[in-house]
Amino acid sequence: MKTALLWLAAAAAVTTSSDLPFRWDELVASDWPAALERSSRTCILPIGILEKHGPHAPIGSDLIQVREISARAARREYAVVFPDYFYGQINEAREHPGAFSLPPQVVWDLLQGTCDEIARNGFDKIVIVNGHGGNPQLLRYFIQTQLGKRRDYVVYLHDPVSDPAVDEKVKQLHKSDPAGDMHAGERETATLLYLRPELVKMDRATSESGENQKRLATPGLYNAIWWYAGFPNHYAGEGAKATRELGQVLTDARVEALVSALKVVKADTQSLALQKEYFDRVEKVGR
């Protein structure tokens, strides 16, 4: 009888899969093995940024969006979600209050160190989910540099393809010029109206211009001042035309895409094996 009671007590102490937290910071250490197993050693690293979003949307808009999208996806396809990460490329917003822009080398070292530490904790699949338009070049190059030395984990960048059905829904709901809808405009404001409407100041959305000022004429060339030259208000688009309905369509599509990607990543046994094969061959060169 005593043995049976002890067994029941131990069983009750084990977290079931249905109530296992997905957030790294909400897990208890004794549940770590269960989280590794259930996630297939997959960790989501959502990356946002802190920057001005026009005169009306919160400074943490990118972080809010990517955090919520990752959470909704992880609830459906379990993966451990790393806590809020807002260190990325945002040099172009430093002239506005609220921007958090670390030195470039610190940004790089912090990202590499974070991935190394995630892997040290047992994860061999890290999925970066980006929420900031200024990060893609940084992140793609970062991932390519993972072949610079042998690693026992793989970093993936979630890069969803366009869904024609979703594109058609968005087209029907979108009211402003899509070409100019780039930052704190209709799409992004709509997403915030859906996720955190209490943070959006719609009455201020027209208090600054989100039009391209076209102050730089260097066709066929790229330089660092291009964004400031066109959008000194750090606002590109027409946030005032946003609707919650559009935001829901956009959010649901991003969540669906991430759920699908997580299933692929969790089932992927090839990337790590091929990466090991690659490093084995690298080390044989010249021998």
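The following legends describe an overall view and several close-up views of a predicted protein model.

Residues are numbered from 1 along each chain as its sequence is written. In this predicted model, local features need pLDDT of at least 70 and side-chain atom pairs count only at pLDDT 80 or more, whereas totals for chains, interfaces and linings use all residues, and side-chain values use heavy atoms, with hydrogens and water left out.

**Figure 1. Overview of the protein, with 10 helices and 4 strands.** Helices (H or I, at least four residues) and strands (E, at least two) are DSSP runs, numbered from the N terminus. Their order along the sequence is α-α-β-α-β-α-β-α-β-α-α-α-α-α. The C-alpha trace spans about 75 × 60 × 35 Å along its principal axes. Of the 287 residues, 45% are buried; buried means under 20% relative accessible area, exposed over 50%, and partly exposed in between (1.4 Å probe, protein chains only). The accessible surface comes to about 15800 Å², of which carbon and sulfur atoms hold 55%; such areas come from the Shrake-Rupley method with a 1.4 Å probe, and for residues only the protein chains shown count as cover. Contact means heavy atoms within 4.5 Å. Among contacts between residues at least 6 apart in sequence, 78% join residues at least 24 apart.

**Figure 2. Confidence in the model and the segment of residues 1-13.** The predictor's confidence in each residue is given as pLDDT, from 0 to 100. The mean pLDDT of the protein is 94, and 94% of the residues reach 70 or more.

Figure 3. An α-helix has 3.6 residues a turn, so residues three or four places apart point the same way. Lys 171 counts as exposed because its relative accessible area is 63%. Between the C-alpha atoms of Lys 171 and Arg 281 the distance is 49 Å, and these residues are 110 apart in sequence. At the start of α6, a side-chain oxygen of Asp 163 comes within 2.9 Å of the backbone nitrogen of Ala 165.

**Figure 4. The largest nonpolar core, of 43 residues.** A nonpolar core is a set of buried Ala, Val, Leu, Ile, Met, Phe, Trp, Tyr and Cys residues joined through side-chain atoms within 4.5 Å. Trp 24, Leu 45, Leu 111, Cys 115 and Phe 123 touch the most other members of this core. Apart from it lies another core, of 12 residues, which includes Ile 64, Val 166, Leu 246 and Val 249. In soluble globular proteins, nonpolar side chains tend to be buried together.

**Figure 5. His 96 in the loop between β2 (80-81) and α4 (104-120).** His 96 counts as buried because its relative accessibility is 14%. Its side chain reaches the backbone oxygen of Pro 232 at 2.9 Å. Beyond neighbours within four places in sequence, His 96 is in contact with Lys 52, Pro 232, Asn 233 and His 234.

**Figure 6. Ser 40 and Arg 41, each with a positive phi.** Ser 40 is in the loop between α2 (32-38) and β1 (42-47), and Arg 41 lies in the loop between α2 and β1. Neither is a glycine, yet phi is about 55 degrees at Ser 40 and about 60 degrees at Arg 41. Most residues other than glycine have a negative phi. Ser 40 is partly exposed, with a relative accessible area of 29%, and Arg 41 is partly exposed at 37%.

**Figure 7. Lys 266 in helix α9.** Lys 266 is buried, because its relative accessible area is 16%. The side chain of Lys 266 reaches the backbone oxygen of Tyr 78 at 2.8 Å. Not counting residues up to four places away in sequence, Lys 266 touches Arg 38, Ser 39, Ser 40, Thr 42, Glu 77, Tyr 78 and Lys 125.

Definitions and conventions: Polar contact = N/O pair within 3.5 Å; in protein donor to acceptor, adjacent residues only side chain to side chain.
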